[in-house]
Amino acid sequence: MKFTANQIAEILEGTVVGDETIEVDKLSKIEEGEKGSLTFLSNPKYTQFIYSTNASIAIVNNDFVPEKAIKTTLIKVEDAYKSFSKLLAYYNEIRLNKSGIETPSFISESATLGENIYVAAFSYISDNVKIGDNVKIYPNTFIGDNVQIGDNTIIMAGAKIHSDCIIGENCVLHAGVVLGADGFGFAPNAEGVFSKVPQIGNVIIEDNVDIGACTTIDRATLGSTIIRKGVKLDNQIQIAHNVEIGENTVIAAQTGIAGSTKIGSSCMLGGQVGIVGHITIGNNVRIQAQSGIARNVKDNEVIQGTPAIGYADYNKSYVYFKKLPELVATINLLEKEIKSLKDYNEYQSKNH
C-alpha cells in the first residue's frame, strides 16, 4: 500500500517541506534509506545521513534546519520519534487488518463469534468458546473449551490456549504462546515415586497485556494464575501455576517464576531472572538481569545478584570481588608478618 507525503502529514499533523505527492510503500533506517521508503531523524548522531539518504520521505523535528541541500521530502512534526512510532502502529494495524474465516479451520457449533473477526487456516476453536469483536486469530492456533477472548485481541500463529482460560481486550499473544498448560504439580509417595496432582484452575489475562513468543503461563492448581492489566512479557518466559503479576509490570526474556509467587505493580525484571515460589515481591521493584530471588522483596527495592542483595551493596561488593586475588595475597602477607612478629616476641620472652 502506498502513501503520499501529504497523507502521512495529515496522519501525523505535520507539515510537508518538498514534494507533497511523492509516494512511499516501505520503511527504512535513515542510513539505509532507498527510493520509495520513509525514514525519520530524531537522534542528532544521525544528522549526517539526512544529506545522503535515498529515502523519499523523512520525518524530522520542527526545529530542524538543513545546513546543505537534501534530496528527500521532509515532514516536520513536534517529535519525530513519537510520530514515527505512531506511524508504525498505524502501519501495523493496516497490515494485520484481516477479516473472515479461512479454510480449512474448525469452529465448534457451540462457539460464539463476534463481529469482524479473522480466523486463519488450520485454526481449531473448541466448544463454548466466546470470541469478541475484531479479534484476529492467525494460523495453527488451538483454542480449548470454554475459553473467552475479549475485543480487539490478536493471537498470532501457533498459539495454544487451553480450556477455561480468559483473555481480556486489546491483548497480543505472539507466536507459540501457551496459556493454561498444566502446572508443574507432583507429589511423592512413601517410595519416592511422584504422582501428578490434577491442575484444575485456569489462567486469566486482563486487558492490554502483551505476551512474547514462546512464553508459557501455567494454569492454577486451584483458582487462577493471573496477569493483570498492562503487563508486558518478553519472549520465552515461564510463569508457573497460581502466580499473580501486578498491573503494568514488565518482564524480560528467559525469566522463570515459580508457583504461587505474587509480583506487584509497575515492577521491572531483567532477563534470566529466577524467582522461587511462594514469595511476595512488592510494587515498583527493579530486579537486575540474572538475579536469583529467594526472599520477599519490599516496595521500591532495587536488587541484583544470586541470591539477590541491594543493588548498591552488590556494586560495592563486586568491586571487592574483582580485587579478591589481590586481597588474599595481602592477607597472606599480613599473616606471615604477624606470625614472624609472634615468633619474635616468644623468642624475646624466653631469653629475657
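Predicted model: local features only at pLDDT ≥ 70, side-chain atom pairs only at ≥ 80, totals over all residues.
Residues are numbered from 1 along each chain as its sequence is written, and side-chain values use heavy atoms, with hydrogens and water left out. Local features need pLDDT of at least 70 and side-chain atom pairs count only at pLDDT 80 or more, while totals for chains, interfaces and linings use all residues.

**Exercise 1.** Find which residues line the largest cavity, and sort them by class.

*Solution.* 
Step 1. On a 1 Å grid over the protein atoms alone, a cavity is a set of points where a 1.4 Å probe fits but cannot get out; a pocket is an open set with protein on both sides within 12 Å along at least five of seven lines; lining residues have an atom within 4 Å of a point.
Step 2. The structure holds one cavity of 30 Å³ or more. The volume of the largest cavity is about 130 Å³, where a volume is the space filled by probe spheres set on the grid points, joined across faces, edges and corners.
Step 3. The lining consists of Met1, Phe3, Ile8, Val24, Asp25, Lys26, Leu27, Leu38, Leu87, Tyr90 and Tyr91.
Step 4. Nine of these residues are nonpolar, none polar and two charged. Here Ala, Val, Leu, Ile, Met, Phe, Trp, Tyr, Cys and Pro count as nonpolar, Asp, Glu, Lys and Arg as charged, and the others, Gly among them, as polar.
Step 5. Helix α2 (80–95) gives the largest share, three residues. Helices (H or I, at least four residues) and strands (E, at least two) are DSSP runs, numbered from the N terminus.

**Exercise 2.** Identify the salt-bridge partner of lysine 26 and say how exposed lysine 26 is.

*Solution.* 
Step 1. A salt bridge is a side-chain nitrogen of Lys or Arg within 4 Å of a carboxyl oxygen of Asp or Glu.
Step 2. The partner is glutamate 34, with the closest N and O atoms 2.6 Å apart.
Step 3. Lysine 26 has a relative accessible area of 34%, so it is partly exposed; buried means under 20%, exposed over 50%, and partly exposed in between (1.4 Å probe, protein chains only).

**Exercise 3.** Explain why the salt bridge between glutamate 244 and arginine 228 ties together separate parts of the sequence.

*Solution.* 
Step 1. The two side chains meet at 3.1 Å, N to O.
Step 2. Glutamate 244 is in strand β30 (residues 244–245) and arginine 228 in the loop between β27 (224–227) and β28 (232–233), so the joined parts are 16 residues apart in sequence.
Step 3. Shared partners join Glu206, Arg228 and Glu244 into one network of salt bridges.
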